[in-house]
Amino acid sequence: MARFPSAEWVTLYQDAINGNPAYKVGGANWDKGVVALICKAKPDVGLEEDAGIWLDLHKGVCREARLVTSAEALKAPFCITGEYARWKQVIRKELDPITGMLQGKLRLKGDLPTIVRFVDASKALVESAGRVATEFPDD
Amino acid sequence: MSYDADSTFVFAFPTRVIYGAGAVSESSLECDRLGMDKVVLVSDRVLAEKTDVVAQVRKALGRRVVLEFLDVPPDSSVAAVEAGAAKAQAAGATGVVSVGGGSVIDTAKGIAILLREGGSLRDHEGFQNLTRKAAPHVVLPTTAGTGSEVTYVAVIKDAEAHRKLLFGDYNILPDSAILDPLLTVGLPAHLTAATGMDALSHALEAMHSLQRQPIADGLALRAIHEVRAALPTCVKTPGDVAARGRQLVASTMAGAAFSNAQVGLVHAIAHTVGARFGVHHGLANSIAMPSVVRFNALACPDQYRQVAEAFGVDPSGSDEALAERLAGAIYAFAKSLGLPGGFKDVGVPREALGELAEATLFDGSVIYNARTVTSAEEVLPVWEAAWQGEG
């Protein structure tokens with residue numbers, strides 16, 4: 001069990017992505033670069049600063065995953081930002097991330113059609129997050 | 001009207017809409033309300049030099065106009081937005097008033113972003129990427145189809161990168177839309193027809209989108225009814241202000257509907273053929289609609305029954321028969337307006353259909369189509385039917 005967001009959770013997430021056959025297939029043609037996620041700070045649950053998750057994804061493999069600052073995360077070609085509660089919904093599969101972007105619940109820096117073209121990969125990434133035994137600090 | 005138990009939606013419609021023949025005179029009051037004492041007036045040279053539309057707005061706004069920016073190309077571009085924003089900043093503008101069609105309004109949305117955020121437009125590309133509202137923006141549409149005066153979307157061509165930048169953000173929704181039908185009476189018949197069909201496609205797509213929702217449905221169905229009633233009159237009797245007004249309001253309703261419910265395969269096709277062969281957006285939507293309705297027949301029959309009723313088509317019978325009748329009625333409607341029925345009639349070569357089918361899958365709209373599309377093979381027959389223009 002790893003707390004979200006933390007370096008330990010990110011490592012488990014990388015393992016979950018690489019162990020997910022659906023991601024291998026869905027992301028097989030992904031060569032568009034790093035996808036970063038930013039979870040906005042929520043001091044009342046102990047998240048004092050924005051947390052960035054750097055996912056170096058390439059051709060169906062997550063080559064590197066690490067916890068970074070939000071400033072670093074924003075350097076990625078694709079960066080999805082959301083409140084802590086939104087990421088909790090995504091990880092619990094209560095919120096589809098593409099619908100979340102269209103509805104203003106998540107913010108995307110980058111080209112949406114590119115993300116959309118890889119909708120199967122996107123779904124597999126979310127499914128992989130759901131496979132991580134996650135502890136949420138406010139539960 | 002049924003929705004899944006787990007359906008969720010957000011409906012955002014913060015734009016204040018002011019309607020009336022002569023409503024152009026309200027533009028100054030709207031600027032006062034929004035604290036816009038120095039504005040850039042964005043339009044294009046055709047409207048400024050061949051009509052009195054821009055002059056009317058300039059007169060209404062008076063001395064608050066610190067800059068007129070008229071260098072908007074037919075396809076809004078990053079270069080135009082950045083040039084307009086730089087000039088507007090230098091002139092001290094704090095707000096934007098746009099007068100024109102979709103390209104002008106999208107350019108103005110881009111200028112509003114840069115007036116607030118600075119930097120390059122490319123820095124702000126994305127969905128819901130802005131963290132604060134863009135500069136205040138008042139829109140006076142001169143076409144009745146794009147609905148851009150009430151949408152959260154702007155599409156701006158990046159000539160250097162050979163692609164289109166897509167912005168989808170509640171922070172670029174215009175503050176006010178002034179709907180004055182008198183501003184649309186000078187629109188030529190073929191553009192009245194093509195842009196009018198664009199509005200119909202927005203309403204249809206909002207209805208068959210996977211993100212459809214009851215509030216948007218209400219707007220879309222009314223828009224469909226109004227387009228059917230008013231658009232033929234607008235084309236045949238351009239000076240009929242009542243018909244022009246109905247069509248203009250229908251366009252705004254359809255815009256609000258799709259801005260919340262999204263669009264689908266019709267727009268994916270139109271964006272693709274527009275980018276590759278320069279086919280007018282409204283015309284491309286008009287051509288694509290019948291074949292997409294047939295393709296979606298079994299995916300959303302309840303929605304199509306409602307669309308049929310709104311469009312004056314018998315909604316009874318099997319799902320396939322209904323879709324066939326609806327597709328035929330849309331085709332006949334477009335033909336009655338003088339529009340071509342197939343992509344073969346607008347310079348698209350048949351040999352390009354395979355490439356176009358492949359490219360369709362790269363358009364963001366496709367994922368919200370009622371019937372899921374995952375491969376070029378699935379969508380190729382839709383392209384072939386639209387190319388042929390089967391009624």
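This is a short talk on a two-chain model, from the single chains to the contact between them. The model is predicted, so please keep that in mind.

Let me start with chain A. Its secondary structure comes to seven helices and seven strands. From the N terminus on, the elements of chain A run β-α-α-β-β-β-α-β-α-α-β-α-α-β. Chain A has a radius of gyration of 14 Å, close to the 14 Å that the globule rule gives for 139 residues, so chain A is as compact as a globular protein of that length. Along the principal axes, its C-alpha atoms fill a box of roughly 40 × 30 × 25 Å. Buried residues account for 47% of the 139 residues in chain A. Take the contacts in chain A between residues at least 6 apart in sequence: 65% of these join residues at least 24 apart.

Now chain B. Here we have 14 helices and nine strands. The C-alpha trace of chain B spans about 60 × 45 × 45 Å along its principal axes. What about its radius of gyration? For 391 residues, a compact globule would come out near 21 Å, and chain B has 20 Å, which agrees. Of the 391 residues of chain B, 58% count as buried. For contacts in chain B between residues at least 6 apart in sequence, 78% join residues at least 24 apart.

Next, the core. Nonpolar side chains tend to be buried together in soluble globular proteins. The largest nonpolar core here has 178 residues. Which members touch the most others? They are B:I111, B:A203, B:A220, B:A223, B:A257 and B:L326. Helix α7 of chain B, residues 214-236, gives the most to this core, with 11 residues. Domain 1 (16-184) and domain 2 (189-388) of chain B both give residues to this core, so the core lies between them. Look at B:A220. Leaving aside neighbours within four places in sequence, B:A220 is in contact with B:A203, B:A206, B:M207, B:A254 and B:A257.

One loop residue deserves a slide. B:L182 lies in the loop between β9 (176-179) and α6 (189-208) of chain B. Is B:L182 buried, exposed or partly exposed? It counts as partly exposed, because it has 17 C-beta neighbours inside 10 Å, and buried would take 20 or more. Not counting residues up to four places away in sequence, B:L182 touches B:A21, B:G22 and B:V241. The C-alpha atoms of B:L182 and B:V53 are separated by 9.0 Å, though the two residues are 129 apart along the chain.

Now to where the chains meet. The contact takes 17 residues from chain A and 16 residues from chain B. On the side of chain A that touches chain B, α5 (97-102), β6 (107-109) and α6 (112-117) of chain A each supply at least two residues. That side of chain A divides into nine nonpolar, four polar and four charged residues.

Finally, the sheet. Eight strands form an open sheet in the order β4(A)-β3(A)-β2(A)-β5(A)-β6(A)-β5(B)-β8(B)-β7(B), with mixed pairing. At the edges stand β4 (61-68) of chain A and β7 (153-158) of chain B, each with a single partner strand, so one side of each is left without a neighbour in the sheet. For A:K109, the bridge partner in β5(B) is B:G126.

Technical notes
Residues are numbered from 1 along each chain as its sequence is written. Chains are lettered from A and ligands numbered from 1 in the order in which they are written. This is a predicted model: local features need pLDDT of at least 70, side-chain atom pairs count only at pLDDT 80 or more; totals for chains, interfaces and linings use all residues. Two residues are in contact if their C-beta atoms, placed from the backbone, lie within 7 Å. Helices (H or I, at least four residues) and strands (E, at least two) are DSSP runs, numbered from the N terminus. Ala, Val, Leu, Ile, Met, Phe, Trp, Tyr, Cys and Pro count as nonpolar, Asp, Glu, Lys and Arg as charged, and the others, Gly among them, as polar. Two strands pair if DSSP finds at least two bridges between them. A residue is buried if 20 or more other C-beta atoms lie within 10 Å of its own, exposed if 12 or fewer, and partly exposed in between; C-beta atoms are placed from the backbone. A nonpolar core is a set of buried Ala, Val, Leu, Ile, Met, Phe, Trp, Tyr and Cys residues joined through C-beta atoms within 7 Å. Domain bounds come from an automatic or database domain assignment. The radius of gyration is taken over C-alpha atoms; the globule rule is 2.2 Å times the number of residues to the power 0.38.
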